Amino acid sequence: MFLCTAKLHHQFHQTRSFIAARVKWVRDAYLDKAVSKEKDLKQIISLKNQILSSPSKSLPLSSLSLLKPQFKLPTTTQKFLQKYPYVFSEFQPSPSLPLHVKLTPLALSVHKEEQAIYNSRDYRDDAIKRLAKLLMLTRAKRLPLHVIDMFKFDLGLPRDYITAVLSDYPEYFHVCEDKDSLASNERTFFLELVSWKDELAVSELEKRAANGDIMNVKRGQRIPFTLNYPSGFDLKKKVQDWVFQWQGLPYISPYENAFHLNQNGDQAEKWTVAVLHELLWLLVPKKTEKQNVVRLGEYLGFGDRFRKILVHHPGIFYVSNKIRTQTVVLREAYRKDFLMVKHPLMGMRFRYIYLMNKDERRPRRSSSGVLRSSLKGQIALSSQKRVRLQNDSGL
């Protein structure tokens with residue numbers, strides 16, 4: 001990565017020089033694995049929260065079955081629950097009552113640790129800042145609640161985040177009702193940032209360039225993006241040349257308004273990449289579904305530009321086709337299939353993943369256990385032989 005403090009004026013880079021060459025999508029097995037690890041995780045946590053919302057901490061199976069479309073379960077609710085016996089347990093409270101579902105003691109233990117994180121001051125302050133930064137990426141400093149709900153899981157927000165978290169920060173947020181111009185002007189609720197926060201208007205790349213000292217952040221620096229290509233990826237020479245020149249353009253903060261740039265120009269594209277890069281960095285898993293990215297891009301005013309940069313910049317973003325959807329992954333956040341910077345909530349999610357993948361069959365015995373079993377078997381056989389010998393001899 002190189003860094004030059006020389007500033008260039010944005011208006012000098014309005015032209016498009018991107019080579020009209022097809023950038024081939026190449027599968028990244030490691031990032032596909034990172035995505036596949038979380039198969040059914042969102043559904044597991046949604047069902048877990050639904051069960052624990054009941055005073056009895058259990059629900060009839062019939063009630064949970066009605067939630068299959070809402071939680072996007074890939075099969076019947078009962079089959080889904082039975083697939084994860086170390087998370088969910090079926091029982092019948094009494095012969096006259098229907099089958100109920102509750103959490104296993106192991107899953108309940110992980111949930112309690114997860115709640116401790118949600119209730120901690122560090123988590124709450126971090127979540128508030130990340131949510132505020134998300135709103136600061138928009139020109140209007142607000143988003144419909146249904147759009148924020150699309151990112152709720154990836155932002156690491158609790159299910160009842162409005163009452164459980166946001167209500168304690170009135171100096172940050174305000175919920176208002178207005179027309180949604182992208183939804184046929186239907187009236188809906190918006191989450192609005194009360195006031196701009198200068199101390200938060202610094203991107204992850206700018207912090208790195210200033211070595212973490214945000215007071216030393218310089219506008220207009222030539223900050224390049226980290227590029228990581230999968231094994232076997234072949235970028236044509238003319239595209240390589242374009243990428244090199246494009247990386248040398250001034251970096252415009254995603255918290256600046258650069259819509260005055262020609263949207264077909266290279267400088268505008270670098271700013272668009274900066275916005276999407278910052279968005280993914282705000283998310284705890286550093287990835288989200290592609291439909292979330294595209295939908296948010298419309299509310300940010302980018303139209304279809306997010307789709308284009310996902311194609312143009314495979315060294316920065318990866319689109320995985322695993323787990324029944326398309327997922328946009330920030331490449332630099334992963335080393336092979338491992339997330340480099342783990343939010344505390346990701347630690348809890350990996351605990352759930354462990355329970356989901358836990359084998360229901362008997363664990364493999366140790367060598368000492370096998371030896372003991374072998375000795376017991378030999379003793380039993382010797383006893384049987386003794387009995388036969390005694391019978392044969394008439395004793």
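## Strands that pair

Leu-143 stands opposite Leu-191 in β6. This is a predicted model: local features need pLDDT of at least 70, side-chain atom pairs count only at pLDDT 80 or more, and totals for chains, interfaces and linings use all residues. Residues are numbered from 1 along each chain as its sequence is written, and side-chain values use heavy atoms, with hydrogens and water left out.

Strand β4 pairs with strand β6 (residues 186-193) over 3 bridges, in the antiparallel sense. Two strands count as paired if DSSP finds at least two bridges between them. Helices (H or I, at least four residues) and strands (E, at least two) are DSSP runs, numbered from the N terminus.

## An open sheet and its helix

Which order do the strands of the open sheet take? The order is β4-β6-β5, with 3 strands and antiparallel pairing. The edge strands are β4 (142-144) and β5 (173-180), and each pairs on one side only. From one strand to the next, the twist averages 35°.

Helix α8 (residues 145-155) lies across β4, β5 and β6. Its direction runs at about 85° to β4. Axes are lines fitted to C-alpha atoms, for helices over the stretch in contact, and angles run from 0 to 180 degrees between N-to-C directions.

## Pairing around β3

Strand β3 (residues 100-103) is joined to strand β1 (residues 58-60) by 3 bridges. These two strands run antiparallel. Pro-60 stands opposite His-100 in β3.

Strand β2 (residues 88-91) also pairs with β3 in the antiparallel sense, over 4 bridges. Here Glu-90 stands opposite Val-101 in β3.

## One buried face of α14

Helix α14 (residues 305-312) has these buried residues: Arg-305, Phe-306, Ile-309, Leu-310 and His-312. Buried means under 20% relative accessible area, exposed means over 50%, and partly exposed is in between (1.4 Å probe, protein chains only). Why do the buried residues line one face of the helix? Seen down the axis of α14, they fall within an arc of 165°, so they line one face. The arc is that of the directions from the helix axis to the C-beta atoms. An α-helix has 3.6 residues a turn, so residues three or four places apart point the same way.

What covers the buried residues of α14? The cover includes α12 (266-282), α13 (290-300), β8 (317-320) and β9 (327-330). Contact means heavy atoms within 4.5 Å.

Helices α12 and α14 pack at an angle of about 95°, with their axes 10 Å apart. That makes α12 roughly perpendicular to α14. Angles under 35 degrees count as roughly parallel, over 145 as roughly antiparallel, 65 to 115 as roughly perpendicular and the rest as oblique. From α12, the residues that meet α14 include Ala-268, Trp-271, Val-275 and Leu-276. Among their partners in α14 are Phe-306, Ile-309 and Leu-310. By class, this contact of α12 with α14 has 8 nonpolar, 2 polar and 2 charged residues. Ala, Val, Leu, Ile, Met, Phe, Trp, Tyr, Cys and Pro count as nonpolar, Asp, Glu, Lys and Arg as charged, and the others, Gly among them, as polar.

Helix α2 (residues 41-52) packs against helix α15 (residues 344-357) at an angle of about 95°, with their axes 11 Å apart. The two are therefore roughly perpendicular to each other. Leu-41, Ile-44, Ile-45 and Lys-48 in α2 meet Arg-349, Tyr-352, Ile-353 and Met-356 in α15. The contact of α2 with α15 has 6 nonpolar, no polar and 2 charged residues.

Gly-297 lies in helix α13. Is Gly-297 buried or exposed? Gly-297 is buried, with a relative accessible area of 0%. Not counting residues up to four places away in sequence, Gly-297 touches Phe-302, Gly-303 and Phe-306. The C-alpha atoms of Gly-297 and Thr-272 are separated by 9.6 Å. Along the chain, these two residues are 25 residues apart.

Asp-28 is found in the segment before α1 (29-36). Asp-28 is buried, at 9% relative accessible area. Leaving aside its neighbours within four places in sequence, Asp-28 is in contact with Pro-230, Tyr-318 and Arg-331. Lys-336 is 308 residues from Asp-28 along the chain, and their C-alpha atoms are separated by 9.1 Å. Arg-124, in helix α7 (residues 121-136), is buried with a relative accessible area of 13%. Beyond residues up to four places away in sequence, Arg-124 touches Tyr-118, Asn-119, Ala-164, Val-165, Asp-168 and Tyr-169.
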